Amino acid sequence: MVIKVFLASSSGSTAIKKKQQDVVAFLEALKLDYTQLDIACNEENRMWMRQNVPEEKKPTNGIPLPPQIFNEEQYCGDYDTFFDAKEDNSVYAFLGLPPPPGSKEAVQADKEHIVQNGTHAAENPDDSIEVPVEERNGNAHGEEEQVEAADEEEGEGGEAGDEATEGETAGDEPPAEEEGEEAVEETDEQAQVEEEEEQEEEDLQSEEEEELRQLEEEEEAEAQEGEEDDLEETQEEEAE
């Protein structure tokens with residue numbers, strides 16, 4: 001299976017160029033088999049990409065922007081979903097490919113499989129072997145005595161532990177003023193981070209809108225050139 005990455009080689013948007021480079025560099029780092037399809041110089045690639053991106057994945061204007069990623073004919077996603085998969089160590093699942101053995105994604109998938117299905121150790125795999133009644137009763141009495149002894153030790157040690165814990169807690173409590181100052185600093189830092197994220201989203205949206213406008217102007221110019229060529233051919237035929 002070949003991964004298809006639809007790109008715009010002559011894009012005027014810095015944000016789109018950076019996204020395209022990020023996708024290509026990551027696929028090359030994984031040594032995956034992929035191919036780049038240019039939508040700026042090939043009208044067939046542009047039309048195929050637009051027709052095969054699912055409607056629910058398209059933006060409100062209906063025109064998806066590069067990069068768009070496919071596995072053969074199957075749609076994988078755009079840059080945002082690719083970035084989320086990269087952060088979650090699930091790029092192979094995003095691309096519809098099996099993760100290589102020993103990779104982080106393979107280990108994570110094995111852990112999820114164990115959590116979902118559960119594991120049970122075979123305590124007595126051979127049911128045909130019968131344990132004598134005396135041994136079973138003896139083990140039961142021995143376990144009861146061990147449990148009682150453990151409870152007594154926990155009771156004695158628990159009282160001393162509680163007293164020590166109370167003393168440590170009383171000594172470790174920070175002053176109320178320091179806690180208030182730390183809370184204010186954390187709130188200021190969080191507000192600053194949120195403002196920076198909002199500014200980055202606004203800049204990215206502006207660049208994407210500019211790229212979309214340029215693409216639409218190119219399409220209109222191409223259509224106008226085609227009409228002029230047709231008109232010139234018609235006039236030449238009439239002159240002949």
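Looked up glutamate 72 and found it in the loop between E3 and strand E4 (74-78). I take helices (H or I, at least four residues) and strands (E, at least two) as DSSP runs, numbered from the N terminus. The model is a predicted one, so I read local features only at pLDDT of at least 70 and side-chain atom pairs only at pLDDT 80 or more, while totals for chains, interfaces and linings use all residues. Residues are numbered from 1 along each chain as its sequence is written, and side-chain values use heavy atoms, with hydrogens and water left out.

**Backbone exceptions**

Glutamate 72 has a positive phi of about 55 degrees although it is not a glycine. I noted its relative accessible area of 30%, which makes glutamate 72 partly exposed. My cut-offs are under 20% relative accessible area for buried, over 50% for exposed and partly exposed in between (1.4 Å probe, protein chains only).

Lysine 31 is another non-glycine residue with a positive phi, about 60 degrees. I place lysine 31 in the loop between H1 and strand E2 (34-38). Lysine 31 counts as exposed because its relative accessibility is 75%. For context, most residues other than glycine have a negative phi, and most peptide bonds are trans.

I also checked omega: proline 66 and proline 67 are joined by a cis peptide bond, with omega about 0 degrees. Proline 67 sits in the loop between H2 and strand E3 (68-71).

**Whole chain**

I counted 7 helices and 4 strands in the protein chain. Their order along the sequence is β-α-β-α-β-β-α-α-α-α-α. Of the 240 residues in the protein chain, 22% are buried. I then looked at contacts (heavy atoms within 4.5 Å). Among contacts between residues at least 6 apart in sequence, 62% join residues at least 24 apart.

**Helix H1**

H1 covers residues 14-29, 16 residues in total, and reaches 22 Å from its first C-alpha to its last, close to the 22 Å expected. The expected span is 1.5 Å times one less than the number of residues. I listed the buried residues of H1 as Ala15, Ile16, Lys19, Gln20, Asp22, Val23, Val24 and Leu27. An α-helix has 3.6 residues a turn, so residues three or four places apart point the same way.

At the start of H1, I found a side-chain oxygen of serine 13 within 3.4 Å of the backbone nitrogen of alanine 15. I use polar contact for a pair of N or O atoms within 3.5 Å; within protein, one must be able to donate a hydrogen and the other to accept it, and residues adjacent in sequence count only if both atoms are side-chain atoms.

**Two buried helix residues**

Asparagine 45 lies in helix H2 (residues 43-52). Asparagine 45 counts as buried because its relative accessibility is 18%. Its side chain reaches the backbone oxygen of aspartate 38 at 3.1 Å. Leaving out residues up to four places away in sequence, I find asparagine 45 touching Phe6, Leu37, Asp38 and Ile39.

Valine 91 belongs to helix H4 (residues 91-95). With a relative accessible area of 5%, valine 91 is buried. Not counting residues up to four places away in sequence, valine 91 touches Phe26, Leu30, Phe82, Ala85, Lys86 and Glu105.

**Pockets and cavity**

On a 1 Å grid over the protein atoms alone, I call a cavity a set of points where a 1.4 Å probe fits but cannot get out, and a pocket an open set with protein on both sides within 12 Å along at least five of seven lines; lining residues have an atom within 4 Å of a point. Grid points are joined across faces, edges and corners, and a volume is the space filled by probe spheres set on the points.

The largest pocket holds about 670 Å³ of space. It is lined by 21 residues, and the closest to its centre are Lys19, Asp80, Leu204, Gln205 and Glu208. H7 supplies the largest share of this lining, 9 residues.

The second largest pocket has a volume of about 220 Å³. Of its 14 lining residues, Lys19, Leu65, Asp78, Asp80 and Glu208 are the closest to the centre.

I found 1 cavity of 30 Å³ or more. The largest cavity has about 50 Å³ of space, and its lining is Ala8, Ser10, Ser11, Ala40, Arg46, Glu211, Leu215 and Glu218.
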